[in-house]
Protein chains: 2
Amino acid sequence: MQGLIMDMPLMISAAIRHAATFHGDTEVVARTIEGDLHRYTYAEAHARMQQLANALIRLGMKPGDRVGSLAWNTHRHFEMFYGVSGTGAVLHTINPRLFADQLVYIINHAEDRLLFVDAATLPVVEAIAPRLTTIEHYVMMCEPARMPAKTSLPKLLCYDELLAAEAPHYDWPEFDERSASTLCYTSGTTGNPKGVLYSHRSALLVALQIAPMASIGVPNGAGVTMMPMAPMFHGNAWQFPYVAPMLGAKLVLPGRNYEPDKLYELLEGERVTLTCGVPTFWLILTEWLQRSGKKFSTLRISLSSGSAPPRSLVETMERDFGVQLMQAWGMTEALGGSAATMKPGAADLPFDQRIDQRLKSGRALFGNRYRIVDDEGKELPHDGVAFGHFRVKAPWVSSAYFKGEGGSALDEQGWLKTGDLATISPDGYIALTDRSKDVIKSGGEWISSIELENVASGHPAVLQAAAIGIAHPKWQERPLLVVTKREGASLTEKELLDYMRGKVASWWLPDAVEFIDQMPLTGTGKLWKLKLRERFKDYQLKA
Amino acid sequence: MQGLIMDMPLMISAAIRHAATFHGDTEVVARTIEGDLHRYTYAEAHARMQQLANALIRLGMKPGDRVGSLAWNTHRHFEMFYGVSGTGAVLHTINPRLFADQLVYIINHAEDRLLFVDAATLPVVEAIAPRLTTIEHYVMMCEPARMPAKTSLPKLLCYDELLAAEAPHYDWPEFDERSASTLCYTSGTTGNPKGVLYSHRSALLVALQIAPMASIGVPNGAGVTMMPMAPMFHGNAWQFPYVAPMLGAKLVLPGRNYEPDKLYELLEGERVTLTCGVPTFWLILTEWLQRSGKKFSTLRISLSSGSAPPRSLVETMERDFGVQLMQAWGMTEALGGSAATMKPGAADLPFDQRIDQRLKSGRALFGNRYRIVDDEGKELPHDGVAFGHFRVKAPWVSSAYFKGEGGSALDEQGWLKTGDLATISPDGYIALTDRSKDVIKSGGEWISSIELENVASGHPAVLQAAAIGIAHPKWQERPLLVVTKREGASLTEKELLDYMRGKVASWWLPDAVEFIDQMPLTGTGKLWKLKLRERFKDYQLKA
């Protein structure tokens, strides 16, 4: 027997219609690629999104067609989140920091019919355009006055001109909520990128799951301004472009300028209360804040994911700057993978224990199911000690990759293979111990490279640390610790190993420490261990 | 084109499985009907829910079958929310304060196969049992030692005995999320009660919408304990029985004892942070708090709905007791009808203006669509002034009544006819001006009875006020104000009208004031204007 409830699909377009109707005067503030700030309201954004929808239909886009964007966090990119998906077409957000070959593969594989570019990504696209086989039009995301004087791109249209030719009225259609809304390729470090295809339903369910973060510590829920530092091509900027309109919160977009002074100008000047991004942003920001003596007056929470923040960073942010770094686990295939909130009942914990909890990768979030398994697929206990391959299930988790390419995302029981190793505590805290491919296998046991890195990062002279396995005749692998030092700091291998001794099991202690000038980072700003392993593949351990 | 996302239905059972798995030690504290406190954990509750599911199946319950409960807010009733709906059967929560004829009609109309009763509702059921035509078994919600020595009920089973005979393991099935989960009849003041049939999908979507309330003002989201004062037979106790397990929050249930000292004992003793209920609870509670000199140390928010709280109550609660009374609009047919949070950006408002916003019936909540229309169905502007018939649409709003009886809930365009009159401000605040049937029509214009009551209630001597229309030869209707005075207070008609003068349009001023000893209340604790209109139907206005 069915309930007697209105049968209305969950549609992404409903979020901007809601914002425009009831929060029409609320601002969206975006830094343009050129560097100035663009301000307008949800009502104005909605009008332009409707123009965009009309323009896409005029260009022949049909439901399911892919429209690519190679763009930073700007107001036009925000418009595409609704103007494209709202018509039933699929927004394909592309990471401009990928290599040319990857970009060519991704765009051709997605069969993007249109490709939207901005002033920062234009040179990238010009370089690869001859190899793109499906693009019918390029669209430059700017006003007519800022169109490039010269470009090698054929048929480069002007975004604002396209919109100007259209009426600002479009009836957002309702259709199956399971329809594809957004396509996002994982920037794998091996093999071809794989396409993750979100649906309207999954995007909105995850947005509803994230919405409570915005209320934490906010009297009446009244003081919310959201700024995603995470790029919009990376997991929908953690749903902020959907959540802010849903809540009627002011939305701030940092463009492509991630210099700390520019980020601070927005975070403080626009009275941001909630932001999100990888810890790298904050390593740089806190250094800059300390140097410049700046403080925050409104910022309360930064959601963090992608890699483990050092304890000292979490402590500094909270103690010195009043910002809680709240970790959530997620990946392109599983947005909304864990709750960034602390466990109910944990409010009165002393500072140290709160930080302990904050160093976990969030905790179990309703709607997800979790398990950890060993190499044979046997389920391991949730005792906070056993660590195994981390598997999840949820109505917002990928079931397969686009066109079935890239292998199965799922194990035989239908759980997503996350590629992470984790422990799960009895009270639902998830602690990533390593990437499955990064764990160091020493004498048949696992050594967590992340744990070594966390401990090493606690040393004041260490900027970043990376542990990798080096082949060893007796133990199969032994850990090498690769370290970058903070500016002006001095540190020896012996000093660092002495510091680490007693903080990890003695047999986990790295066999050697190598100091380098700069860590290799992936296109998404994560430590690129593959490159380190290549660099040190012939490394000879002393013992 | 469909997204590539796991196709998992939204199931109510997922909430308790989540709580038992990751918050297994978190407490559920409930006052029994007998008055003592019962404490157990989500893990223990989950085990009993699985036993209940097995017992229901043994009793022959099949998906879609209705299982009735005439019960207060106890841990066994909480168990039924999952044990019944989780199997695919439909939990029919029945208001024990209804009249015998209504109860008989409702239970026979629902075709309940089982009827669960507690020590408080047993006499009610004994009185009507001979007229119930579909009940196969009655179940007494108690342990064996508390079974009644003597009862007229045939085949009265013991709840705890039923459970004890079953294994505490049951695999919650997954099925269509649009399946019926809960049946709840509206306690209309005219005509037969009408059955509203919720679905798993609608219950969980509304729960996700309410979850952010729990985080407001709470550091890290860590300090949440929820206690529904609203009865569980009334709109699922505003989804608290679903939201608390979803969040892993401690759940406190007040049984049937609503004496202020008993409520305070739970609210303060169990460190409740969030509660909900009609304002009547708080009128009584604040009086008691003031008399006894008690304060709250953890309670932050009380969600309020059902009727308009007087301004003085909202002010007192916040200023003297640190509790924000946050109003949301909703009705049995439309749970989750508005957001109880304030508008983002309103955090820095001065006290008076915050209270102004708090006196609205919440604000537009994402997922709902709203309109106000005049008597001819013409849409009226959202200017905060025009008031019209309030209509809503959402994927959690009723589309029809059970078995199609009770007429259509919807207007010709498919919007729910709420029976309320409201204004909508440009920034999405909804202000109820009246019930459509209570508005006083004077000389072709509408006078809001609620507005008159709010102004009158501001007088310190007024406990409750009710404005009703009295037939008038010239003006069609004119307002009569019916008032109960606070204990020991003195007040005359002239004093009250003088007080109101200037606070409402002069032609809205009541033609007369009548003082009575006690307001008639409906089974759900609301002012029963129908009874007042009957009592004063021959009232002669002086002029």
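Predicted model: local features only at pLDDT ≥ 70, side-chain atom pairs only at ≥ 80, totals over all residues.
Chain A contains 16 helices and 23 strands. Its radius of gyration is 23 Å, close to the 24 Å that the globule rule gives for 543 residues, so chain A is as compact as a globular protein of that length. The C-alpha trace of chain A extends over about 70 × 60 × 55 Å along its principal axes. Of the 543 residues in chain A, 64% are buried. Among contacts in chain A with a separation of 6 or more, 68% are made by residues 24 or more positions apart.

The interface between the two chains was examined next. On the side of chain A, 89 residues are in contact with chain B, and 89 residues of chain B take part in turn. About 6800 Å² is buried between chain A and chain B, and carbon and sulfur atoms give 60% of this area. Between the chains, 22 residue pairs are in polar contact, counting pairs in which both residues have pLDDT 80 or more. The side of chain A that touches chain B is made up of 48 nonpolar, 25 polar and 16 charged residues.

Four salt bridges are found across the interface of chain A and chain B. One of them joins Arg201(A) to Glu177(B), with the closest N and O atoms 2.7 Å apart. This pair crosses between chains: Arg201(A) belongs to helix α7 (residues 200–210) of chain A, and Glu177(B) to the loop between α6 (159–164) and β8 (180–186) of chain B. Arg201(A) and Glu177(B) are both buried. A salt bridge is also formed by the side chains of Arg201(B) and Glu177(A), at 2.8 Å from N to O.

Over all chains, the structure holds 77 salt bridges. Within chain A, Arg58(A) is paired with Glu166(A), the closest N and O atoms lying 2.5 Å apart.

Glu453(A) lies in helix α14 (residues 449–457) and Lys529(A) in helix α16 (residues 529–535), so the pair connects parts of chain A that are 76 residues apart in sequence. Glu453(A) is buried, at 9% relative accessibility, and Lys529(A) is buried, at 7%. Elsewhere in chain A, salt bridges with shared partners join Glu34(A), Asp36(A), Arg48(A), Arg76(A), Glu79(A), Glu143(A), Arg146(A) and Asp160(A) into one network.

Ala237(A) has phi near 50°. This residue is located in helix α8 (residues 235–238) of chain A. The relative accessible area of Ala237(A) is 0%, so the residue counts as buried under the cut-off of 20%. In chain B, Lys403(B) has phi near 60°. Lys403(B) is placed in the loop between β16 (388–393) and β17 (416–424) of chain B. With a relative accessibility of 40%, Lys403(B) is classed as partly exposed.

A loop lysine of chain A was also considered. Lys343(A) is situated between β14 (324–327) and α13 (351–358), in the loop that joins these elements of chain A. Its relative accessibility is 16%, and Lys343(A) therefore counts as buried, the cut-off being under 20%. Lys343(A) and Ala328(A) are 15 residues apart along the chain, and their C-alpha atoms are separated by 13 Å.

Technical notes
Residues numbered from 1 in each chain as written. Chains lettered and ligands numbered in written order. Heavy atoms only, no water. Contact = heavy atoms within 4.5 Å. Buried area = accessible area lost by both parts, 1.4 Å probe. Polar contact = N/O pair within 3.5 Å; in protein donor to acceptor, adjacent residues only side chain to side chain. Nonpolar A, V, L, I, M, F, W, Y, C, P; charged D, E, K, R; others polar. Helix = DSSP H or I, 4+ residues; strand = E, 2+ residues; numbered from the N terminus. Rg over C-alpha atoms; globule rule 2.2 N^0.38 Å. Buried < 20%, exposed > 50% of the residue type's maximum accessible area, 1.4 Å probe, protein only.
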